[in-house]
Amino acid sequence: MRDAKRNLSVQVVMADDFERERIAALLARVAGTVREARDGREGLRLWREHRPDMVLTDMVLPVLDGPDMIAAIREDDEDVPVLVAYDLYNPKVLLKAVEMNIDAFLRMPVRDKRLLEAVRRCARTVFMRKKLEKSDTMLWNLLDVFPGMALLEHDGRTVYANRKLAAYLGFDSHRHMHAAGASLGGNIVEINGEPYQGGDSGWVRTVVDDQLDRDQVLRIKGRGNPSGVPGVFTVTHSPFPNSRLRLFSFQDISELEDERAMLQDEASTDPLTQALNRRSFLRLLDAELAAGHAPGLVMFDIDHFKSINDEYGHDVGDAVLREISALVRDNIRETDRLARWGGEEFMVLSPGSSMQRTAQVAERLRRAVESFSFTGVPRPVTSSFGAAVAAGSEDREAFVKRVDMALYQAKEGGRNRVVQG
C-alpha cells in the first residue's frame, strides 16, 4: 500500500487558493506526488511536463478554461482519469463535462470522504494499466532467460514452436505438432474480442499489419491448459535483422484480463445508484438503434429533488437516489436497462418495445414511486416521465431530444405524470 501511494501522482487545478491547497493536502494522504495549478494553461503545462496519473480540476478556470484544458489532455492521453469539481451555479458547464466522459464528479465544496473514494477508484484503473505495461516489459526482457510461449515464423509458415507453446497446445514438441498437422492458428478463438476465422496463418497478418500498433489480445484454446478454458494472451513480434524471420512471444494475461473485466464492469456503473452511467448507456442505445430494433425510452426525474436535499440533507437525497434506482429495477424487465442520466435524472431503455408498452412501463414506475416511502422523507416523493419509441431511421440525438421534451412537458404540466413523445 505504501508503494502504491508513492507511485501515484495527482494534479489539482483550481483558481481558489484555499480549496486547492486544502484538496492537495488531503490528496497527499493517498498520493506520493501532488502538483497544483491555478489556471488551465498552467495545468496543461504541468500535465505535459510530468504526466500525472490523474487530474482533478474545476471547470471554471482563468486563462484556459477547464473544458479546453481537459480536451487538450485527452488528446495526449485519452485514458487518463479526470475528476471534475463542480458548483451548481453553472449547470451548462457541468453538462459539458458530462459529455467529455469525465471519470468522477465531486460537488463543491468537496467532501473529504467522497474525494478519497473517487481517487481510490480511479487509482485501481491506473495501477492495473501500469501493471499490464510492466508485465509486458518484464516478459520481453526475460524471454532469453526464461523462455515463455514463443513461435518462429517465416512468410506465414511456422518454423518452430517452443516447448512451452507446444505443451500448451497438448503436444510434447514442435515435431509432434507438425506431424499431427496442428497449428497455433487452428487454436485461436478470438483476436481483440472478435471471432477468428483466419486459418493457420491469418493471425500473423492481423498482428503485424496493424497500423495503429496496438497490443493484440488473443484467446487461445489448448489441451495442455490446466484450467480447461481458452487462455488470454498478449502477443508481441520482433523481426530478425536482415531476415524475413519473425519471433512471436506470448504473455498469459488471463488473470489480468479477469481483473480488467471486473474494473470495466465497475467503470460502467454509477457508484451511488449502481445504475449504468451515461457513457455505457449511450453505447447500449447506439447498438439498439444500429440494429434497427426500435427501442422504447423512458426518461424521468425526481420532482423537487433540490428541496429534498435542502430540507433533509444530501445524505437523505443520496438515499432517495439509491432507493428509487432499486425500485425501478424491481419494476422493469430483466432485458430493460436503467441508467443514471445525471443528477436526479434517469433513463430506462426497453429493447424492441411498442409505444403502448413503453407508456405502460412509465406509468407503472410513476405509481411505484408515488406510493413508496423513502427513507428520511416524511412526505410523498413523485417523479415526472417522458416516454418515446424510436421512429424509423431517427438518430440518437433526435430520439433523446424527443423523450427529453416529453419529460419537460410532463413537468410543465404539473409533474407526477407521463407524457408520450
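By salt bridge I mean a side-chain nitrogen of Lys or Arg within 4 Å of a carboxyl oxygen of Asp or Glu. Asp-318 sits in helix α13 (residues 314-330) and Arg-114 in helix α6 (residues 112-142), so this pair ties together parts that are 204 residues apart in sequence. Asp-318 is buried at 11% relative accessible area, while Arg-114 is partly exposed at 36%. For those words, buried is under 20% relative accessible area, exposed is over 50%, and partly exposed is in between, with a 1.4 Å probe and protein chains only.

Some housekeeping before I go on. This is a predicted model, where local features need pLDDT of at least 70 and side-chain atom pairs count only at pLDDT 80 or more, whereas totals for chains, interfaces and linings use all residues. Residues are numbered from 1 along each chain as its sequence is written, and side-chain values use heavy atoms, with hydrogens and water left out.

On confidence: pLDDT is the predictor's own confidence in each residue, from 0 to 100. The chain averages 86, and 90% of the residues score at least 70. The stretch to watch is 135-146, where pLDDT stays under 50 and the model has 13 contacts beyond four places in sequence. Contact here means heavy atoms within 4.5 Å.

Back to the charges. There are 25 salt bridges in the structure. Another one is Arg-22 with Glu-19, closest N and O atoms 2.8 Å apart. Those two are three residues apart in helix α2 (residues 17-27), so about one helical turn separates them. Glu-19 is buried at 7% relative accessibility, and Arg-22 is partly exposed at 26%. Then there's Asp-209 with Arg-205, 2.8 Å from N to O. Both ends of that one are partly exposed, with Asp-209 at 39% and Arg-205 at 42%. Salt bridges with shared partners also link Asp-17, Arg-20, Glu-36 and Arg-38 into one network.

Next, sheets. Helices and strands are DSSP runs numbered from the N terminus: H or I with at least four residues for helices, E with at least two for strands. Two strands pair if DSSP finds at least two bridges between them.

Strand β1 (residues 9-13) is joined to β2 by five bridges, and Val-13 has Ala-37 in β2 as its bridge partner.

Now for some antiparallel pairing. Strand β6 (residues 149-154) is mostly covered, with five of its six residues buried. It runs antiparallel to β12 (residues 245-252), joined by six bridges, and to β7 (residues 157-161), over four bridges. Glu-153 shows up in both pairings: it stands opposite Arg-246 in β12, and its bridge partner in β7 is Thr-158. β6 and β7 form a hairpin with two residues between them, and Asp-155 in the turn has a positive phi of about 50°.

Last topic, the nonpolar cores. A core is a set of buried Ala, Val, Leu, Ile, Met, Phe, Trp, Tyr and Cys residues joined through side-chain atoms within 4.5 Å. The largest has 26 residues, and those with the most contacts inside it include Phe-300, Val-320 and Phe-374. Helix α13 gives the largest share of this core, six residues. Setting aside neighbours within four places in sequence, Val-320 is in contact with Ile-302, Phe-305, Ile-308, Phe-374 and Val-377. Apart from that core lies another, of 24 residues, among them Leu-27, Ala-31, Leu-56 and Val-110.

That's my lot, over to you.
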